[in-house]
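Thanks for coming, everyone. Let me put the structure up, and then we'll walk through it.

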Protein chains: 2
Amino acid sequence: MNYPGGIKKENNPSSIAKTLSHKNRGMTLEADLNITNEYYRDIDKAYIYKKPTPIKVTKVEYPSRKDTIIKEAFFTIPSTTDYNGIYKGKYIDFEAKETKSKTSFSLNNIHKHQIEHLKNIKRHDGIAFLIIRFTTLNKTYLLLIDNLLEFIDNNKRKSIPLEYFKEKAYLIKDSYKPRIDYLKVIDDLFGGI
Amino acid sequence: MNYPGGIKKENNPSSIAKTLSHKNRGMTLEADLNITNEYYRDIDKAYIYKKPTPIKVTKVEYPSRKDTIIKEAFFTIPSTTDYNGIYKGKYIDFEAKETKSKTSFSLNNIHKHQIEHLKNIKRHDGIAFLIIRFTTLNKTYLLLIDNLLEFIDNNKRKSIPLEYFKEKAYLIKDSYKPRIDYLKVIDDLFGGI
């Protein structure tokens with residue numbers, strides 16, 4: 001990854017801003033979160049990792065005693081969310097998703113058992129949420145599981161309108177370091193944790 | 001998996017005990033932990049999962065629009081431990097290993113960065129430990145990261161003798177449900193968490 005980073009768009013000449021903005025579109029939410037979590041670890045703030053993608057291995061070969069090559073495997077449905085870890089002694093758990101839509105986030109993007117999982121975490125006193133990026137709008141929101149459930153309980157539609165995010169979720173500002181400072185939102189929400 | 005489970009060896013006629021003991025040898029620590037964690041989830045006690053094995057995918061094929069087959073991939077070194085989750089609001093993190101040795105557990109079985117990771121978790125007020133099974137002796141111990149570090153700091157040898165486990169670690173009793181009740185040890189150690 002050769003993303004230059006380091007420079008806040010708004011503080012820079014338009015030519016650089018253009019370059020950055022262009023490059024920024026290429027950065028996935030996952031890449032941004034990986035950089036952010038690495039930064040949190042570097043400054044000893046939090047230890048939050050992305051879990052490996054679950055893969056079912058069905059065929060392996062051993063070309064030498066030391067090497068194993070997987071020759072056939074399949075992606076499987078994750079049983080939990082993608083990210084978890086610890087921050088100030090609290091258990092943190094979230095799922096991150098991007099949407100190209102400018103108007104809503106489809107609930108089809110989240111597995112039912114992932115919502116169940118986040119509910120379980122919340123009930124056991126963990127901090128559970130979604131991070132949703134509207135890529136076309138370049139807006140990234142943190143939506144607490146409580147607000148997700150509130151929406152599901154009170155609506156029949158299968159997608160959450162952007163308006164709901166504006167009202168109930170928390171906008172995560174882009175910055176240089178960390179890229180997506182979602183723990184700032186957690187600090188603001190849970191104050192003295 | 002056709003393990004019958006359900007019957008404590010010591011309470012049963014020797015013929016059954018023999019069968020169970022034989023089958024028991026076939027049950028890996030990982031399988032026992034998976035069953036245990038599933039049980040904890042079923043009774044809504046704790047939400048602790050094994051992370052997927054990290055795999056680097058280098059070649060995929062798409063035989064149809066919906067299907068993806070991985071045709072070449074490699075196992076990679078995990079950046080953290082295998083298990084983590086939440087129990088009574090606390091962040092739990094551990095690595096589980098088996099050894100056939102009757103006398104010691106080789107530290108080569110644990111990556112350095114995994115020890116670093118467990119140290120970080122402890123410093124941030126999580127509960128961090130190893131679960132080590134001496135398969136030949138059929139003994140499973142829980143060793144807190146503090147005691148692991150104490151050993152490393154005070155010894156030059158690259159393996160922890162069984163005696164150290166007897167002295168500093170906590171024996172986890174086999175039972176029916178859950179198979180390996182390691183949270184019982186956590187309760188005993190951390191009392192009112």
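Some ground rules. This is a predicted model, where local features need pLDDT of at least 70, side-chain atom pairs count only at pLDDT 80 or more, and totals for chains, interfaces and linings use all residues. Residues are numbered from 1 along each chain as its sequence is written, chains are lettered from A and ligands numbered from 1 in the order in which they are written, and side-chain values use heavy atoms, with hydrogens and water left out.

Start with the pair of chains. Chain B superposes on chain A by a rotation of 180 degrees with 0.0 Å of shift along the axis, at RMSD 0.0 Å. That is how a two-fold axis relates two copies.

Now the strands. Helices (H or I, at least four residues) and strands (E, at least two) are DSSP runs, numbered from the N terminus. Look at β8, residues 139-144 of chain A. Five of its six residues are buried. Buried means under 20% relative accessible area, exposed over 50%, partly exposed in between, with a 1.4 Å probe and protein chains only. What does β8(A) pair with? β7(A), residues 127-134, is one partner, antiparallel over six bridges. The other I'll show is β10(A), residues 170-171, antiparallel over two bridges. Pairing takes at least two DSSP bridges between the strands. I131(A) stands opposite L142(A). Y141(A) stands opposite L171(A). The β7(A)-β8(A) hairpin has four residues between its strands, and there N138(A) takes a positive phi near 55 degrees.

Next, α3 of chain B, residues 112-123. Its twelve residues reach 17 Å from first C-alpha to last, close to the 16 Å expected at 1.5 Å a residue. The expected span is 1.5 Å times one less than the number of residues. Its buried residues are Q114(B), I115(B), H117(B), L118(B), N120(B) and I121(B). Where do they pack? Against β1 and β4 of chain A, together with β5, β7 and α4 of chain B.

Now D82(B), in the loop between β3 and β4 of chain B. D82(B) is buried yet has no salt bridge. A salt bridge is a side-chain nitrogen of Lys or Arg within 4 Å of a carboxyl oxygen of Asp or Glu. The nearest side chain of opposite charge is K50(B), 4.0 Å away. Lys and Arg count as positive, Asp and Glu as negative; His and the chain ends are not counted. Beyond four places in sequence, the contacts of D82(B) include Y49(B) and F94(B). Contact means heavy atoms within 4.5 Å.

S104(B) lies in β6(B). S104(B) counts as buried because its relative accessibility is 14%.

Last, salt bridges. E95(A) and K97(A) meet at 3.6 Å, N to O. E95(A) is buried at 2%, while K97(A) is partly exposed at 23%. E116(A) bridges to K119(A), also 3.6 Å. Those two are three residues apart in α3(A), so about one helical turn separates them. In chain B, E163(B) bridges to K166(B) at 3.8 Å, and both are exposed. Salt bridges that share partners also join D32(A), R133(A) and R179(A) into one network.

Methods: Copies are superposed by least squares on the C-alpha atoms of residues with pLDDT of at least 70 in both.
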